[in-house]
Amino acid sequence: MEILWSPWRSKYIGSFKDDSINSEGCFFCNAVNNPEKDEDLLVVARFEYCFAILNKFPYNNGHTLIAPLRHIGDLQDLSEVEMFDIIKAIKNVSAGLESIYKPHGFNVGANLGRAAGAGVPDHLHFHVIPRWNGDTSFTSTISDTKVVSVSLEDTQRELSYVLKNMKV
Ligand SMILES: [Zn+2]
């Protein structure tokens, strides 16, 4: 598998000092508890037991994270309704991204534990990453963080609109 090169992520990974975080210092919980800030916090959809938020440090355009509303880090702690809701969210978000960006494929999955690359190991989350043929060489040419943050706002607006109007 080819690895996407995204230099702005080093700032993100370097920002973690503590080994674990409680729900108060958790950016997922912060988003869960502040629905009026969806636009600022880049939340694109809320479901009954989970929600979808754009990754501020994306591997690719449209990189979205799906997390349960509860502050749990272990896959084993997911209830059946949460599992169903998360898969439904992954299905809807990928359909939304498909309709906007026409990607050629997706990477969907989770990094469980810091050793596996999880940035926030204490709040379980799944990645939905759109992929385009040849995007590994394309993203390596983007090194300006500002370019990415501008498109994040556009993505939040477009994707949340599409998801709100989705009949699933
Ligand atoms: Zn949390």
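This is a predicted model: local features need pLDDT of at least 70, side-chain atom pairs count only at pLDDT 80 or more; totals for chains, interfaces and linings use all residues.
Trainee: What is the order of the strands in the open sheet of five strands?

Mentor: Residues are numbered from 1 along each chain as its sequence is written. Strands are DSSP runs of E with at least two residues, helices are runs of H or I with at least four, both numbered from the N terminus, and two strands pair if DSSP finds at least two bridges between them. With antiparallel pairing, the order is β1-β2-β3-β5-β4.

Trainee: Which are the edge strands?

Mentor: Five bridges join β4 to β5, while three bridges join β1 to β2. An edge strand here pairs on one side only, which is the case for β1 and β4 (105-109).

Trainee: Which residue of β2 is the bridge partner of Val 43?

Mentor: β1 and β2 form a hairpin with three residues between them, and the two strands run antiparallel. Within β2, the partner of Val 43 is Ile 53.

Trainee: Which residues does Phe 51 touch, not counting those up to four places away in sequence?

Mentor: Contact requires C-beta atoms, placed from the backbone, to lie within 7 Å. By that criterion, Phe 51 touches Ala 31, Val 32, Val 43, Ala 45, Arg 46, Ala 67 and Leu 69.

Trainee: Over which residues is the pLDDT below 50?

Mentor: The chain has a mean pLDDT of 85, with 79% of its residues at 70 or more. The pLDDT is below 50 over residues 139-147.

Notes
Two residues are in contact if their C-beta atoms, placed from the backbone, lie within 7 Å. pLDDT is the predictor's confidence in each residue, from 0 to 100.
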